Number of protein chains: 2
Amino acid sequence: MQAEIITIGDEILIGQIVDTNSAWMGRELNKIGLRVKQISSVSDDPQHIRAALDEARGRADIILITGGLGPTNDDLTKNTLKDYFGMDWRMDEQVLEDVTGFFARFGRETTEVNRLQAQVPAGCVALRNRFGTAPGMWFEIGGKVFVSMPGVPHEMKGLMESEVLPRLKEKFKLPFICHSTILTQGIGESVLAEKIADWEKSLEALGIKLAYLPSPGMVRLRLSCAGEEKKVRGEVDEKVKELQQLIPEFIFGYGEETLPEVIGRLLMEKKQTLSTAESCTGGYAAHLITSVAGSSAYFLGSIIAYANEVKMQQLGVQKSTIEKYGAVSEEVAREMAEGVRQKLGTDYGLAFTGIAGPGGGSEEKPVGTVWIAVASAKGAVSKKFQFGDNRERNIQRAAVSGLGMLRKELIR
Amino acid sequence: MQAEIITIGDEILIGQIVDTNSAWMGRELNKIGLRVKQISSVSDDPQHIRAALDEARGRADIILITGGLGPTNDDLTKNTLKDYFGMDWRMDEQVLEDVTGFFARFGRETTEVNRLQAQVPAGCVALRNRFGTAPGMWFEIGGKVFVSMPGVPHEMKGLMESEVLPRLKEKFKLPFICHSTILTQGIGESVLAEKIADWEKSLEALGIKLAYLPSPGMVRLRLSCAGEEKKVRGEVDEKVKELQQLIPEFIFGYGEETLPEVIGRLLMEKKQTLSTAESCTGGYAAHLITSVAGSSAYFLGSIIAYANEVKMQQLGVQKSTIEKYGAVSEEVAREMAEGVRQKLGTDYGLAFTGIAGPGGGSEEKPVGTVWIAVASAKGAVSKKFQFGDNRERNIQRAAVSGLGMLRKELIR
């Protein structure tokens with residue numbers, strides 16, 4: 001069963017916005033066993049939209065359309081679909097109620113322009129939009145499904161999750177697909193692939209597919225298998241258990257959890273606290289940690305010591321240590337970690353010192369050299385990393401690697 | 001003159017990666033006066049690629065293709081193009097030399113698989129790729145141009161800038177297009193649009209187009225006009241000058257410059273230094289500042305005081321101030337800014353305290369309330385902001401707004 005995505009709107013074609021909707025939709029459709037055959041971004045032009053619809057229905061059974069549903073004059077998609085399918089208008093009472101309620105909540109009257117949002121082509125099912133005023137529209141024509149949704153990401157996602165995906169599963173009697181995502185950290189994609197090659201080969205016989213999903217500093221592994229629910233769930237779980245035994249030190253979590261969330265959970269369980277001392281990461285590790293809602297329960301703060309004076313005065317790093325080993329050294333990283341832990345009175349101190357680049361490298365310590373240390377009542381651990389020459393990626397990889405080291409200390 | 005973009009590769013269709021290439025290409029093509037008619041993402045399948053090529057050439061004169069040029073078995077694009085155009089292979093000596101040199105630089109031998117990267121369809125011009133081993137390929141068939149490029153973003157960008165865009169300008173004798181981008185901060189898109197409505201209307205008569213490009217905390221305005229170089233440049237410059245007089249307080253820069261870069265430039269010019277004290281932004285402001293290469297010249301560090309104890313002990317905020325006004329207050333923001341400035345010995349101190357959400361809000365201080373202060377020898381200034389209910393966006397908007405306030409102090 002194949003699907004196609006059509007995004008409507010000049011803002012994508014002129015590069016004003018990046019189309020993140022299609023990737024999200026492709027991922028969600030894949031999870032329920034639907035393959036996306038093509039994604040087409042077309043202009044706000046009825047003739048072009050009609051041509052794209054003709055082409056898409058020639059290749060796929062499900063055509064998902066986003067964009068062009070604004071309340072004003074770029075309301076092209078709805079009109080075009082009405083004409084394309086040769087339908088009349090009808091006023092959808094439920095949507096009208098939703099739209100009126102939407103404006104009432106903000107203490108505003110519903111204008112005539114807004115009322116028209118509840119007008120839909122007569123032959124479609126209107127899908128209620130909880131996050132905006134433009135309804136989704138579901139058409140079934142000649143055994144094929146066409147769905148139109150707003151282009152605003154959270155409105156589209158809300159409609160997909162509450163209306164479109166459940167209806168597609170129902171309509172096309174899609175098989176159960178079991179997904180399991182294992183989160184790894186501290187091992188590169190190619191080394192990981194070598195390490196688990198035999199295990200990966202054993203997936204084939206069971207019809208389990210494996211995807212490597214790398215991002216800076218970590219790799220997610222996603223297992224997928226279609227079939228009878230109980231059977232495939234059992235088989236996938238078994239394979240996940242095998243992997244746990246194969247690479248226990250690199251697995252930090254499962255599913256949609258993030259590394260900062262895992263660290264937050266571990267610290268909350270242990271009722272312990274954390275602080276960071278950052279040189280080259282410049283606050284990015286603290287930013288990742290505080291991106292988790294509720295992180296104030298365990299994260300007390302950070303001292304970002306970009307200048308050596310700040311390392312000495314605020315973190316208590318010894319002048320002699322910097323002079324003897326340099327600011328980017330194991331010794332300074334350890335003194336920073338212990339220093340911030342003492343200063344802020346936390347159970348754990350996580351410290352970074354390195355050369356993010358592009359300047360500041362030397363033959364002995366090239367750009368991308370980073371020392372990371374974790375201090376706790378158990379003592380300090382430290383490790384040297386050699387990243388690449390891209391400043392942004394070096395900062396990201398250092399921060400994620402440090403969080404990975406911290407996690408290992410938390411579960412030790 | 002119209003162009004189309006075809007991206008080839010399953011990783012986009014299954015949502016493993018977001019297609020950022022097309023937006024970049026759309027933007028760059030627009031700058032030289034080419035309109036993108038459609039963007040199509042298709043699977044790694046020769047038949048599908050051929051169908052996409054047929055459709056695209058029916059609509060446009062220029063077809064830009066990315067992806068599917070890896071050295072291994074996903075080398076589908078090159079084979080498909082060769083067959084599609086009915087060409088033989090030829091070995092390109094210049095590319096072979098480039099490929100051999102590429103591996104030699106890393107001390108590696110050129111394998112047979114890598115040598116084959118220099119084999120191209122006989123009827124194309126091979127375009128040299130400075131950042132990788134797969135060459136770009138330029139075909140002219142029946143008055144239409146087809147260009148194939150690798151999907152790796154920096155390789156694609158390198159080829160576009162050095163080879164493809166100059167060749168397109170030459171081949172299609174494209175008119176000169178003058179672009180000018182004005183960066184604004186501290187004013188929302190709709191208020192800005194109202195404020196400059198008359199000025200915006202005056203652009204029409206001159207054929208100057210205006211685009212609003214909003215991102216969290218700021219809005220970029222882009223003016224574009226095609227025509228005789230000297231004439232349109234003069235007209236666009238004149239309009240930019242008018243805008244400078246209309247909204248001087250909101251303009252922080254021009255072109256591709258970022259707000260952290262502007263701040264860095266101003267601090268370097270004045271030979272002054274900066275530190276930050278962050279509560280709700282959790283290090284994100286420091287991260288933005290240190291994302292600029294060379295920022296260690298003026299940024300000494302930051303104290304991230306998530307906990308009240310850290311605000312008191314590390315920043316010298318008075319216990320009585322927190323008790324009397326609460327941690328999220330003008331008084332605390334000012335004491336934090338002055339505190340970090342004193343502690344770290346910098347000329348400027350920039351402080352943030354607020355409620356990022358989703359928890360922690362009250363009727364009096366709802367989620368999204370943020371106080372920001374800038375302290376310097378000139379005294380302290382402070383301002384209250386009321387952002388929304390999205391944690392991530394609140395952090396971003398607070399950090400950018402704080403940098404905006406700092407800039408105003410720097411030029412005062």
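Mentor: Start with the largest nonpolar core, which has 134 residues. A nonpolar core is a set of buried Ala, Val, Leu, Ile, Met, Phe, Trp, Tyr and Cys residues joined through C-beta atoms within 7 Å. Buried means that 20 or more other C-beta atoms lie within 10 Å of a residue's own; 12 or fewer is exposed, in between is partly exposed, and C-beta atoms are placed from the backbone. The residues with the most contacts inside this core are Met336(A), Ala337(A), Ala351(A), Met336(B), Ala337(B) and Ala351(B).

This is a predicted model: local features need pLDDT of at least 70, side-chain atom pairs count only at pLDDT 80 or more, and totals for chains, interfaces and linings use all residues. Residues are numbered from 1 along each chain as its sequence is written, while chains are lettered from A and ligands numbered from 1 in the order in which they are written.

Now pick Met336(B). Set aside neighbours within four places in sequence. Met336(B) is then in contact with Ala277(B), Ala305(B), Lys311(B), Leu315(B), Val317(B), Ala351(B), Thr353(B) and Ala373(B). Contact means C-beta atoms, placed from the backbone, within 7 Å. A second, separate core has 40 residues, including Leu13(A), Ala60(B), Cys124(B) and Leu168(B).

Next, a helix pair. Helices (H or I, at least four residues) and strands (E, at least two) are DSSP runs, numbered from the N terminus. In chain A, α11 (residues 259-270) packs on α16 (residues 391-411) at about 25 degrees, axes 10 Å apart. Axes are lines fitted to C-alpha atoms, for helices over the stretch in contact; angles run from 0 to 180 degrees between N-to-C directions. The two are therefore roughly parallel. Angles under 35 degrees count as roughly parallel, over 145 as roughly antiparallel, 65 to 115 as roughly perpendicular and the rest as oblique. Among the residues that meet are Leu259(A) and Ile263(A) in α11(A), with Val400(A) and Leu403(A) in α16(A). By class, this contact has 11 nonpolar, one polar and one charged residues. Ala, Val, Leu, Ile, Met, Phe, Trp, Tyr, Cys and Pro count as nonpolar, Asp, Glu, Lys and Arg as charged, and the others, Gly among them, as polar.

Last, the two chains. Their contact takes 50 residues from chain A and 50 residues from chain B. On the chain A side, the elements giving two or more residues include α1 (10-13), β2 (35-42) and α16. That side divides into 25 nonpolar, 19 polar and six charged residues.

Notes: Contact = placed C-beta atoms within 7 Å.
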